[in-house]
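Thank you all for making time this morning. I would like to walk through one structure, moving from one chain to the other, and I will stop at a few places along the way.

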Amino acid sequence: MRRRFAARAGLIVAALFLVAVTLMAVAPGLFTPLDPLATDTDQVLRPPGWGHPFGTDQTGRDMFARVVYGASYSLGVGAGATAAALVIGVVVGTLVGLAPRVVDGVAMRGVEILLAFPEFLIALFAIAVLGPGPVNVATAVGVAALPAYIRVARAETLVVRRSGYVEAARGLGVHPLRVAVSHVVPNTLRPLGVIATIGIGTTIVAAAGLSFLGLGPQDPTPEWGLLLSGGRNLLAQAWWVAFFPGVLITGTVVSATVVGRRLRRAGEGRRS
Amino acid sequence: MFSRHRPFRIAGSLALVTAAALVLAGCSTPAGSGEKTEGGTITFGVDVDPVGHLDVHSSQLDINAILQRPVFDSLVSQNADGTIVPWLATSWQVSDDGLQYTFDLRDDVTFSDGEKFDAAAVKANFDHIVDPATESAQASSLIGGEYYAGTDVIDDSTVRVNFSQPYAPFLANAASVELGFYSPKVLAEHADELKAGGPGISVGSGPFILSEYTPGSELVYTKNPDYNWAPEGAAAQGPATIDELDVKILPESSVRTSALTSGQVDVIGDTAPSSLGQIGDGFTVTSTESPGVPYSLYLNVTRPVFSDVEVRKAFAGGFDLDAAVKAVFAGSYQRAYSILGPTTPDSYDAALETSASFDADAANDALDAAGWSERDSDGYRTKNGERLSARWISYTPVNEDNANLANLIQDGLKKIGFEVVHDQLEPGAYLDAYLAGDYDLTDWGFLSADADVLRSHLGTGGYQNASHLSDPEIDATLASAVATTDASQRAELYTQLQQWNAENAVIVPLYVPEYILASSKKVGGVEVDIHGWPLFSGAYVTK
C-alpha cells in the first residue's frame with residue numbers, strides 16, 4: 001500500500017515537472033523577467049541567492065533565465081525529433097508490415113543492422129554527414145531513434161493484419177489502403193505513443209549530448225547541453241553553472257520515463 | 001607562430017612572418033622544498049597532441065614547438081633580454097651589407113643516432129625547410145621567406161647563410177625550434193615520415209631523445225647521456241638531470257588542474273586562468289605574457305561598414321574592454337592597448353596605455369555623425385534603412401574564455417546600437433569565408449618574438465592581413481623596419497606603426513595572452529623561455 005502511494009507520488013511529481021518544463025518552453029516570460037542573453041560584468045559567477053536563484057555564469061548572465069529559456073530549445077529538439085521519428089516510423093513500419101515477404105525481409109534486416117548500433121553513435125554519424133547545427137542535431141537524433149519505431153510499427157501491423165476485423169474488411173472488398181489507414185495505423189499508434197513518451201527523454205539526452213560536444217546550437221543560445229558544457233571546467237569554482245542545467249536535463253528525462261512507464265503499464269493492463 | 005587561440009595557419013602564401021625566438025636563460029622556477037636528486041621522472045600534462053604535425057620544419061603548432069624543444073637544438077639561443085648567445089654555433093659574423101651570416105660551428109656535436117653535426121648538416125636542414133615538398137609556412141618564413149638566398153658550406157665547421165636583402169630578425173629566428181636540426185640521415189631516409197614523427201624519426205641533437213610516442217596519449221623522452229653542448233651561459237650544462245620526461249595529453253583544462261593537484265602529474269601547461277584559485281599556494285605558477293600580436297579583432301576595411309574610420313573607432317571604443325577582460329579572466333590577463341604585446345623585444349609603445357579608453361557617449365556621437373542615426377525596432381542603428389551590423393567569423397573550436405569575451409563585446413556594442421553577428425565556423429567553412437573576404441571582422445592572437453610579425457598583419461597582401469589593409473606608407477615603414485638592425489631605430493619605426501593603428505583602429509587589440517605553467521614543489525629547475533614554455537634540461541626531482 002505504502003509502495004503504491006510512493007509510486008503515485010512519484011508519478012505526480014514527474015507529471016508536474018513535465019508540465020512546468022513545458023510551460024517554460026512555451027512561456028518563459030512567466031518564470032523570469034530577465035533576459036537570458038544580458039551580460040553584466042559586475043555580476044560574474046555569483047553563487048545562487050536572491051536576484052539570481054541559480055547564480056550567474058562567466059559573463060554575469062542569470063543562470064535561471066538561461067535554464068528557463070533553454071527549455072524551448074531542448075524540449076523542441078526532443079519533441080520534434082521524436083515526433084518526426086514517430087510519423088516516419090509508423091508510415092514505413094506499416095508499409096513494410098503490409099508489403100510482400102521479400103521486401104519485409106530486406107527492410108527488417110536493414111533496421112536490425114541499425115539497431116545493432118547505439119543510438120548516440122548513429123546520431124554522431126548523422127551529424128558527421130550533415131554537419132553541425134541545431135536543425136541537424138534534431139535530424140540526427142530523429143534518424144537515430146527511427147529504427148525502433150519502424151520495428152514496433154511493423155510488428156503491430158503483422159498482428160493487426162491477421163485479426164478478424166481486418167480479414168472481414170478485406171473480405172467485404174474494402175480498398176487495402178483504406179484498411180491500412182482506418183484499421184491498421186490506429187492500432188499501432190497506441191504502443192508507439194508509449195514508446196515515444198519514453199523516447200522523448202532519450203532524444204533530449206542525445207540532443208544535449210551533441211550540443212555538449214559543440215555540434216548543436218552555439219553560444220550565446222541557452223541550450224541545456226551547451227550550458228552544461230559551459231560549466232564543465234568550473235565545477236570546482238562555480239558548481240552552479242553546470243549543476244542546474246544538469247538537474248533540468250536529468251529531471252526531464254527521469255520524469256518522461258516515469259510517466260512513459262506508467263502509460264505502458266496502463267496499456268498492458270488494458271490489453272491482457 | 002599561431003597562439004593556442006587559433007592553432008592553424010591560413011593556407012597559401014609563403015609570405016614572411018617572423019621570429020619566434022627562444023630564451024634559454026629565462027626565469028627559473030624556485031627550487032622545490034626538498035633536495036635535488038639525480039635521475040627520476042618528471043611528468044608534464046599538456047592540452048594538445050600535435051598528431052600529424054610533429055615535423056619542426058613544417059608544423060605551425062605551438063604545442064609542437066614546446067614538445068620538440070627537448071629533442072632539437074638550434075644555431076644560437078636567445079636570452080630573456082633579447083641578446084643572442086652561442087649554441088651549436090660558437091660565433092658568427094654578419095657582412096656589412098647585412099646580406100651574409102657566417103657561422104662557426106662546434107665540432108663535438110653528434111645527433112642521437114650517431115651522425116655528426118657539421119656544416120653539411122646545417123645546409124641539409126635549411127635546404128629541407130625551403131624545399132617546396134616540405135610544405136613549410138612557419139619555418140620557411142622564419143628563415144626569411146623570399147629574402148632567403150641559400151646556404152653555402154665553407155668547410156666542415158663553417159657555414160654561410162645568404163639573403164637577397166637585409167633581414168634583421170634572422171639571428172633571433174635562428175634560435176627557434178623551427179630552425180632546429182634533424183640528423184641528416186633522417187632527412188635522407190625518412191623525409192616523408194617527419195610529420196608523423198616518433199622514435200627514430202624525430203631525431204635531433206638535444207638533451208632528450210624521443211623514445212616512445214602513443215598518439216593522443218603520451219610521449220616519453222629519455223635523457224641523452226652524451227649531451228654536452230648546452231647554450232652558453234645556460235644554468236644546465238651537460239646531460240639532463242632527470243632520466244625520463246613523460247608528457248601526458250590531457251585536453252580538458254579542469255582535468256589538467258586536477259591531475260596536478262592530485263599529484264598525478266608534476267607540471268601542467270596552458271593552465272586555465274580561472275583554475276589558479278583551485279591550484280593554490282602549494283604549487284609554483286609561472287605566467288608569461290606572450291610576445292607578438294595580442295588576441296585582437298581584425299576589422300575588414302574593404303567592407304562598407306568598416307571602410308569609415310569613424311565607425312571603426314566607435315566600434316573599438318564602444319564597449320567596456322577593461323571590465324570585460326577583468327570579468328572573463330578574473331584579473332589574470334591584462335587588457336591590450338597596442339597591436340604588439342608588452343614583451344615583444346625592442347618595439348612596445350607603452351605610451352598607448354594612457355590613450356585608449358571606453359567612452360560610450362563619444363562612440364554614440366561618432367556613429368550619429370557618420371550617418372547611423374536612425375534606430376530600428378530592435379534598437380539597432382540604421383542608415384538609409386540598413387542596419388549597422390558586422391559579421392564576426394571565428395575559427396572553431398572557440399576557446400571558452402574567448403567565447404565569453406565575445407558575448408560581452410556583442411552585448412556592449414548592442415547598447416550603442418551596433419549589431420555584431422558572431423558566426424563560429426568549422427575550419428573548412430571558416431577558410432572559405434576568410435579567403436573570400438566574406439566577413440567584417442575576425443579574431444586571433446599571433447605569438448612572435450619579433451615585431452616584424454606586423455608585416456604579415458598590416459602589409460599589403462600579407463597573409464595574416466585579415467583587415468585587407470593596403471597603405472603604401474605603412475608598407476614602406478614595415479619594409480624599413482625589417483631591414484634595420486639598430487634596435488632603437490627599429491623601436492621608433494614600430495612605435496609609429498602602433499600609434500598609427502591606435503588612431504585608425506584597423507586592428508582592435510583585446511588582451512595579452514599568457515602561458516601559465518604550474519608545477520608541483522616536488523620538482524625544481526624547470527626554466528621557461530620567452531613564451532613561457534618549459535625547458536626541462538636542468539629540471540630535477542626533489543627528495
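Before I read out the order of elements, let me say that a helix here is a DSSP run of H or I with at least four residues, a strand is a run of E with at least two, and both are numbered from the N terminus. Please also keep in mind that what you see is a predicted model.

If we take the contacts in chain A between residues at least 6 apart in sequence, 69% of them join residues at least 24 apart.

How many of the 15 residues of helix 3 of chain A are buried? The count is one, and helix 3 is accordingly described as hardly covered.

Let me turn to chain B, where seven strands form an open sheet with mixed pairing, in the order 9-10-11-2-12-23-13. Strand 9 (208-214) and strand 13 (283-289) of chain B stand at the edges with a single partner strand each, so one side of each is left without a neighbour in the sheet. Within this sheet, strand 12, residues 267-268, pairs with strand 23, residues 514-520, in the antiparallel sense over two bridges, and there B:Ile268 stands opposite B:Ala518.

Elsewhere in chain B, strand 5 (residues 89-94) and strand 6 (residues 100-105) run antiparallel and are joined by five bridges, with B:Trp92 opposite B:Phe103. These two strands form a hairpin with five residues between them, and B:Gly98 in the turn has a positive phi of about 75°.

My last stop is B:Thr354, in the loop between strand 15 (334-335) and helix 10 (360-369) of chain B. Is B:Thr354 buried or exposed? B:Thr354 is exposed, because it has 8 other C-beta atoms within 10 Å, and the cut-off for exposed is 12 or fewer. B:Thr354 and B:Tyr337 are 17 residues apart in sequence, while their C-alpha atoms are 8.6 Å apart in space.

Conventions:
Residues are numbered from 1 along each chain as its sequence is written. Chains are lettered from A and ligands numbered from 1 in the order in which they are written. This is a predicted model: local features need pLDDT of at least 70, side-chain atom pairs count only at pLDDT 80 or more; totals for chains, interfaces and linings use all residues. Two strands pair if DSSP finds at least two bridges between them. A residue is buried if 20 or more other C-beta atoms lie within 10 Å of its own, exposed if 12 or fewer, and partly exposed in between; C-beta atoms are placed from the backbone. Two residues are in contact if their C-beta atoms, placed from the backbone, lie within 7 Å.
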